[in-house]
Amino acid sequence: MTAFNKFLGDTYDLVDLIKDTEKDFVALIYDKHSKRLCAMKQRDLHSAKLYKLLQICNNPHIPQIYRLFERDGKLIIIEEHIDGQSLEELLDYQSSIFNEKLVLNFFLQLCDCLEPLHKANIINRDIKPSNIMLTKDNSVKLIDFGIARIFKPDSLADTEFLGTRGYAAPEQFGLFDVGQSD
(Lines give C-alpha, C1' and ligand atoms only; values in the text may rest on other atoms or scores of the structure.)
Protein backbone atom coordinates (compact mmCIF):
# COMPACT_ATOMS: atom_id res chain seq x y z
CA MET A 1 0.00 0.00 0.00
CA THR A 2 1.43 3.35 -0.99
CA ALA A 3 1.13 6.44 1.20
CA PHE A 4 -1.50 7.63 -1.26
CA ASN A 5 -3.96 4.76 -0.72
CA LYS A 6 -4.91 5.89 2.80
CA PHE A 7 -6.50 9.04 1.33
CA LEU A 8 -8.83 7.28 -1.11
CA GLY A 9 -11.47 6.09 1.35
CA ASP A 10 -14.84 5.11 -0.06
CA THR A 11 -15.20 8.29 -2.08
CA TYR A 12 -12.37 7.98 -4.62
CA ASP A 13 -10.91 5.34 -6.92
CA LEU A 14 -7.31 5.56 -8.06
CA VAL A 15 -7.07 5.86 -11.85
CA ASP A 16 -3.36 6.68 -12.24
CA LEU A 17 -0.60 7.46 -9.79
CA ILE A 18 1.40 10.26 -11.38
CA LYS A 19 3.89 10.96 -8.58
CA ASP A 20 4.39 9.26 -5.23
CA THR A 21 7.31 10.25 -3.03
CA GLU A 22 7.70 10.60 0.72
CA LYS A 23 7.16 14.33 0.40
CA ASP A 24 4.16 14.47 -1.92
CA PHE A 25 1.99 12.74 -4.44
CA VAL A 26 -0.19 13.58 -7.39
CA ALA A 27 -2.81 11.17 -8.70
CA LEU A 28 -5.65 11.02 -11.17
CA ILE A 29 -8.72 9.82 -9.27
CA TYR A 30 -12.36 9.17 -9.94
CA ASP A 31 -14.79 10.82 -7.52
CA LYS A 32 -17.64 8.34 -7.07
CA HIS A 33 -20.06 10.92 -5.68
CA SER A 34 -19.64 13.63 -8.33
CA LYS A 35 -18.87 11.05 -11.05
CA ARG A 36 -15.89 12.91 -12.49
CA LEU A 37 -12.14 12.61 -12.88
CA CYS A 38 -10.14 14.76 -10.48
CA ALA A 39 -6.56 15.35 -9.49
CA MET A 40 -5.54 14.61 -5.91
CA LYS A 41 -2.42 16.27 -4.49
CA GLN A 42 -0.63 16.34 -1.20
CA ARG A 43 1.02 19.52 0.10
CA ASP A 44 2.41 20.75 3.39
CA LEU A 45 -0.23 21.99 5.79
CA HIS A 46 1.36 25.46 5.86
CA SER A 47 0.04 25.98 2.31
CA ALA A 48 -3.61 25.62 3.41
CA LYS A 49 -4.20 29.40 3.43
CA LEU A 50 -2.90 29.68 -0.13
CA TYR A 51 -5.13 26.85 -1.38
CA LYS A 52 -8.17 28.31 0.39
CA LEU A 53 -7.55 31.57 -1.50
CA LEU A 54 -7.20 29.62 -4.76
CA GLN A 55 -10.43 27.79 -3.99
CA ILE A 56 -12.43 31.02 -3.76
CA CYS A 57 -10.58 32.67 -6.66
CA ASN A 58 -13.05 31.12 -9.14
CA ASN A 59 -10.91 31.75 -12.20
CA PRO A 60 -11.58 29.79 -15.42
CA HIS A 61 -7.81 29.59 -16.04
CA ILE A 62 -6.99 27.89 -12.73
CA PRO A 63 -8.08 24.34 -11.91
CA GLN A 64 -11.14 24.49 -9.69
CA ILE A 65 -10.48 23.18 -6.18
CA TYR A 66 -13.34 20.94 -5.11
CA ARG A 67 -12.18 19.93 -1.66
CA LEU A 68 -9.41 20.54 0.88
CA PHE A 69 -8.82 18.36 3.91
CA GLU A 70 -6.09 17.48 6.38
CA ARG A 71 -4.75 13.95 6.91
CA ASP A 72 -1.73 12.96 8.95
CA GLY A 73 -0.46 16.53 9.09
CA LYS A 74 -0.69 17.01 5.31
CA LEU A 75 -3.04 19.05 3.14
CA ILE A 76 -4.95 16.96 0.59
CA ILE A 77 -6.32 18.83 -2.42
CA ILE A 78 -9.00 17.49 -4.74
CA GLU A 79 -9.13 19.62 -7.87
CA GLU A 80 -10.32 19.72 -11.44
CA HIS A 81 -8.58 17.35 -13.81
CA ILE A 82 -7.35 19.23 -16.88
CA ASP A 83 -7.81 17.23 -20.07
CA GLY A 84 -5.23 18.62 -22.42
CA GLN A 85 -1.53 19.01 -23.14
CA SER A 86 1.10 21.23 -21.63
CA LEU A 87 2.46 24.09 -23.65
CA GLU A 88 5.85 22.39 -23.35
CA GLU A 89 4.52 19.22 -25.03
CA LEU A 90 2.93 21.22 -27.83
CA LEU A 91 6.10 23.23 -28.41
CA ASP A 92 8.17 20.03 -28.51
CA TYR A 93 5.90 17.95 -30.75
CA GLN A 94 3.46 20.23 -32.59
CA SER A 95 5.16 23.61 -32.84
CA SER A 96 3.79 24.09 -36.37
CA ILE A 97 0.31 24.83 -34.96
CA PHE A 98 1.47 28.10 -33.41
CA ASN A 99 0.75 31.31 -35.23
CA GLU A 100 0.62 34.91 -34.01
CA LYS A 101 -3.14 34.88 -33.39
CA LEU A 102 -3.01 31.65 -31.34
CA VAL A 103 -0.01 32.80 -29.29
CA LEU A 104 -1.70 36.13 -28.56
CA ASN A 105 -4.85 34.28 -27.48
CA PHE A 106 -2.83 32.11 -25.06
CA PHE A 107 -0.94 35.11 -23.72
CA LEU A 108 -4.12 37.11 -23.05
CA GLN A 109 -5.70 34.14 -21.25
CA LEU A 110 -2.60 33.82 -19.08
CA CYS A 111 -2.88 37.53 -18.23
CA ASP A 112 -6.57 36.98 -17.35
CA CYS A 113 -5.36 34.26 -15.01
CA LEU A 114 -2.62 36.29 -13.31
CA GLU A 115 -4.58 39.49 -12.67
CA PRO A 116 -6.99 38.03 -10.07
CA LEU A 117 -4.18 35.96 -8.54
CA HIS A 118 -2.11 39.07 -7.97
CA LYS A 119 -5.12 40.94 -6.60
CA ALA A 120 -5.44 38.09 -4.07
CA ASN A 121 -1.68 38.50 -3.31
CA ILE A 122 -0.86 35.06 -4.73
CA ILE A 123 2.54 34.77 -6.42
CA ASN A 124 2.85 31.56 -8.49
CA ARG A 125 6.69 31.57 -8.85
CA ASP A 126 6.71 28.64 -11.30
CA ILE A 127 5.22 29.81 -14.58
CA LYS A 128 6.80 27.77 -17.34
CA PRO A 129 5.58 25.87 -20.42
CA SER A 130 5.15 22.59 -18.52
CA ASN A 131 2.80 24.32 -16.03
CA ILE A 132 0.56 25.86 -18.68
CA MET A 133 -2.07 23.41 -19.88
CA LEU A 134 -3.98 23.89 -23.12
CA THR A 135 -7.35 22.20 -23.47
CA LYS A 136 -8.91 20.91 -26.67
CA ASP A 137 -10.88 24.15 -27.01
CA ASN A 138 -7.64 26.20 -26.66
CA SER A 139 -8.35 27.33 -23.10
CA VAL A 140 -5.31 28.05 -20.94
CA LYS A 141 -5.06 26.58 -17.43
CA LEU A 142 -2.21 27.47 -15.11
CA ILE A 143 -1.35 24.45 -12.96
CA ASP A 144 1.07 23.59 -10.16
CA PHE A 145 0.94 26.01 -7.28
CA GLY A 146 3.37 23.86 -5.28
CA ILE A 147 5.87 26.69 -4.72
CA ALA A 148 3.38 29.55 -4.88
CA ARG A 149 3.16 31.86 -1.91
CA ILE A 150 1.18 34.74 -0.53
CA PHE A 151 2.90 38.10 -0.96
CA LYS A 152 4.19 39.52 2.32
CA PRO A 153 4.28 43.33 2.13
CA ASP A 154 6.80 43.68 4.98
CA SER A 155 9.27 41.07 3.71
CA LEU A 156 12.56 42.23 2.24
CA ALA A 157 13.37 39.02 0.35
CA ASP A 158 12.16 35.51 -0.40
CA THR A 159 13.00 33.10 2.40
CA GLU A 160 13.31 30.07 0.10
CA PHE A 161 15.09 30.00 -3.22
CA LEU A 162 12.76 28.00 -5.48
CA GLY A 163 11.79 27.84 -9.11
CA THR A 164 13.14 26.69 -12.44
CA ARG A 165 16.25 28.39 -13.78
CA GLY A 166 15.48 30.14 -17.04
CA TYR A 167 11.89 30.83 -15.98
CA ALA A 168 11.98 32.06 -12.38
CA ALA A 169 12.58 35.68 -11.47
CA PRO A 170 16.14 36.45 -10.24
CA GLU A 171 14.89 37.30 -6.75
CA GLN A 172 13.66 33.72 -6.37
CA PHE A 173 17.30 32.59 -6.35
CA GLY A 174 18.59 35.40 -4.14
CA LEU A 175 20.33 37.01 -7.11
CA PHE A 176 20.82 40.73 -6.97
CA ASP A 177 19.39 42.77 -4.14
CA VAL A 178 15.94 43.29 -5.60
CA GLY A 179 13.64 42.17 -2.79
CA GLN A 180 11.01 39.48 -2.73
CA SER A 181 9.05 37.93 -5.59
CA ASP A 182 6.06 40.08 -6.45
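Begin the tour by selecting Tyr51, Leu54, Leu117, Leu142 and Phe145, which have the most contacts inside the largest nonpolar core, a set of 26 residues. A nonpolar core here is a set of buried Ala, Val, Leu, Ile, Met, Phe, Trp, Tyr and Cys residues joined through side-chain atoms within 4.5 Å, and buried means under 20% relative accessible area, with exposed over 50% and partly exposed in between, for a 1.4 Å probe and protein chains only.

The model is predicted, so that local features need pLDDT of at least 70 and side-chain atom pairs count only at pLDDT 80 or more, while totals for chains, interfaces and linings use all residues. Residues are numbered from 1 along each chain as its sequence is written, and side-chain values use heavy atoms, with hydrogens and water left out.

Next, centre the view on Phe145, which touches Leu50, Tyr51, Leu54, Ile62, Leu117 and Asn124 when residues up to four places away in sequence are not counted; a contact means heavy atoms within 4.5 Å.

From there, select helix α1 (residues 48-57), where Ala48, Leu50, Tyr51, Leu54 and Cys57 are buried. Its buried residues pack against β3 (36-44), β4 (65-71), β5 (74-80), α3 (100-119), β7 (122-123) and β10 (149-150). The residue that follows α1 is Asn58, whose phi is positive, near 50°.

Turn next to the sheet, which is open and has five strands in the order β1-β2-β3-β5-β4, with antiparallel pairing. Two strands pair if DSSP finds at least two bridges between them. At the edges are β1 (12-20) and β4, each of which pairs on one side only.

Within the sheet, select β5, which is largely enclosed by the rest of the structure because six of its seven residues are buried. Seven bridges join β5 to the antiparallel β3, and six join it to β4, again antiparallel. To see individual partners, display Cys38 with Glu80 of β5, then Arg67 with Ile78 of β5, and then Phe69, which stands opposite Ile76 in β5. In the hairpin of β4 and β5, two residues lie between the strands, and Asp72 takes a positive phi near 50°.

For a look at aromatic rings, select Phe98 and Phe106, whose edge-to-face pair has 6.2 Å centre to centre and 75° between the planes. Rings of Phe, Tyr and Trp (its six-membered ring) pair if their centres lie within 6.5 Å, and planes under 30 degrees apart count as stacked, over 60 as edge-to-face and the rest as tilted. Phe98 is buried, with a relative accessible area of 19%, and Phe106 is buried as well, at 9%.

The last stop is the cysteines: which residue holds the cysteine sulfur closest to that of Cys111? That sulfur is in Cys113, 9.5 Å away, too far for a bond. For Cys113, the closest cysteine sulfur is in Cys57, at 7.8 Å, also too far for a bond. The structure holds zero disulfides, a disulfide being a pair of cysteine sulfur atoms within 2.5 Å. Cys113 is buried, with a relative accessible area of 0%, whereas Cys111 is partly exposed, at 35%.

Terms used
Helices (H or I, at least four residues) and strands (E, at least two) are DSSP runs, numbered from the N terminus.
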